[in-house]
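Hi,

Here is the structure I promised to pass on. My notes on it follow below; please have a look whenever you have a moment.

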Amino acid sequence: MASETNFETSRGEGGETHQQITAKVSHDAADHLTTNQGIRVSDNQNSLKSGQRGPTLLEDFVLREKIFHFDHERIPERIVHARGSAAHGFFELYEPLSDITRADLFQRKGEKTPVFVRFSTVAGGAGSVDTPRDVRGFAVKFYTKQGNWDLVGNNIPVFFIQDAMKFPDLVHAVKMEADRAYPQAASAHDTFWDFVSLMPESTHMLMWAMSDRAIPRSFRMMQGFGIHTFRFVNEAGKSTFVKFHWKPKLGIQSLVWDEALKLQAADNDYHRRDLFEAIAAGQFPEWELGLQLFDDAFAESLPYDVLDSTKIIPEEILPLKIVGRLVLDRNPDNFFAETEQVAFCPANIVPGVDFTNDPLLQGRLFSYLDTQKSRLGTANFHQLPINAPKCPVMNFQRDGQMQMAVPKGRANYEPNSLGDDGEAGGPRECPVSGFQTYEHQIGEAEHGDKRRIRGELFADHYSQARLFWKSQTPSEQAHIASAFVFELSKVQMEHVPPRMVGNLMNVDTALANRVAAGLGLVAPQKNAPAREPIDLDASPALSIHRNMKESLEGRKIGILIAAGSDAKAVSDLVDLLNEAKATPFLVAPRIGDTKLSDGNTIRADGQLLGSPSQIFDAVAVVLSKEGAATLAKEAAAVQWVMDAFGHLKAIGHDAPAKALLDKAGIRPDAGVVDLVSFPGAAAKRYWDREPAIRMLA
């Protein structure tokens, strides 16, 4: 790139700025501006005209090329998962898994496989916000020595539907309503709840979607799941069922609903910024890969079908086997070229991994491949650098739009005998190392007459929804009930909410009654289930609150200061937070230098109005008596501490700052502490505070 010593700045006749390569440098240098054809550009500020004020000339190929390319810079966004953020990294294996799979990336302890991981919301467009109530995509592309393997999942282990036949209907229902094009990135509207209330199979997923799982604090602090049951196949051809889980090193953490709403105004890019800045700071996000491994006999012993994507196998019944870690250590060099153009497809698997007959998975195998042609414009999308395998690619597929490979010779078919004439005959199939589909059926239900039908156990739509509800803490249950009330309150079709509450009666009567009361409805009778639900044991592993990791690592801590703040207190707190691997962030009324108590100045990281407390995991307030008195008259400062308290965060403060807390109506509790106790208190949220400050269903 051109350095400041290689160009000089001048003004043109119309006052426009020109930055031009100087005459004194070598003109063989690579920092000269060119067209896409490599022709150097002499003037990048003015189009070619006939006279000073005359018409622009059609022969101006520099202008034409620049405008032409600009007009075609955008490509169709994904129909779902349009808004995403991504990073490069690696997967490292803890121990060989050769006894259960022949997949190469699972053979050698300590071997690292390059990956590209994309996180996303589902319903909103590419320009929507990061913190709506929504499922989050969690897609991993492994660049293995055997080819690319795409594990395309979500942060929730189940889905709304059981059969891919209903996927277009689901997406049409949850997207903006067709006649009015709103709401954006939201499920709180008529068509979504009309659809899911008529689809009892959605109930389990709705419990997750109404829970705090749908408003994660960070991509770095959410789980990932492969959703479907897959197969591992070893060298001997033996199959083992497998379900994939990603466990975050930083633990699971969510937002509260009011906080998520305010973040949509405070920082549209909250999750994207959080991921990018963490990696840039060397705080590399990390997950462990856990496997649930089981055989046919175990699958048949369960009271639900492992091919049903609306069901889980609780970890208490089948514990995870932790086999490796995923680390993201490099941000994309270019968002469009990598994050936007990456093409994931569940059909991309490697030898040793295979599909099952899950009817939702089977539909995805076609849909994802087909959508890439529509979105990226060519069947050769796999040749884009972000999609290209890092192993040799050799076949007889040729031509097509945007073909980037240059095959040599005549061999574009096989079998052929071109080699007998001294020519290159090209690659050939290999039954030894090539992908082999698992051939065996496991029961009578896997073959027979052609029928449009589902498995008998698929009809149980409520047992696992009830299991999920029973597994939550009282605080989490209140959040779920309140989310149902909020969403259904937005539905204008009066017959839909009672129908949905009638479905919830099959999950838990108390839940249904709480939702009905919140909506001002007379509790309806339960809707007749297709199959009577059964009581399953609660699974504590499904609760976020029971499994949150109390740690400052990876957390962002806001420190509010003003003129006269205690310099040593600020310095000591920053040091303690850095030692705990947290990120301290100084907030002041002005972004310029703030003079502290020792006469020295410090530059804040953010200005008060632009750095609201919802962007932090906990906050501290370090003020002089005068500073506290001044900020007590500033609405933004009062709101800053009020929101932190309302979002159940720890608040640390020195003695003078109490005046600001008093003005904000902050009542002392276990999370409102002095600065000495603050680092320990800031490692968690204070859910016990919530009933005193917020009405929940």
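Predicted model: local features only at pLDDT ≥ 70, side-chain atom pairs only at ≥ 80, totals over all residues.

Residues are numbered from 1 along each chain as its sequence is written, and side-chain values use heavy atoms, with hydrogens and water left out.

Back to S471. You will find S471 in the loop between α10 (463-470) and α11 (474-489); helices are DSSP runs (H or I, at least four residues), numbered from the N terminus. S471 is buried, because its relative accessible area is 1% (buried means under 20%, exposed over 50%, partly exposed in between, with a 1.4 Å probe and protein chains only). Setting aside neighbours within four places in sequence, S471 is in contact (heavy atoms within 4.5 Å) with A538, S539, L542, S543 and R546.

K390 sits in the loop between α9 (359-376) and α10. With a relative accessibility of 56%, K390 counts as exposed. Residues up to four places away in sequence aside, K390 touches P114, Y143 and N148.

What about the cysteines: how many disulfides does the structure hold? The count is zero, taking a disulfide as a pair of cysteine sulfur atoms within 2.5 Å. C345 is in none, and the nearest cysteine sulfur, that of C391, is 16 Å away. C391 is likewise in no disulfide; for C391 the nearest cysteine sulfur belongs to C430, 14 Å away. C345 is buried at 3% relative accessibility, and C391 is buried too, at 15%.

Finally, the lining of the largest pocket comprises 23 nonpolar, 15 polar and seven charged residues. By class, Ala, Val, Leu, Ile, Met, Phe, Trp, Tyr, Cys and Pro count as nonpolar, Asp, Glu, Lys and Arg as charged, and the others, Gly among them, as polar.

Happy to talk any of this over.

Best wishes

Note on methods:
Helix = DSSP H or I, 4+ residues; strand = E, 2+ residues; numbered from the N terminus.
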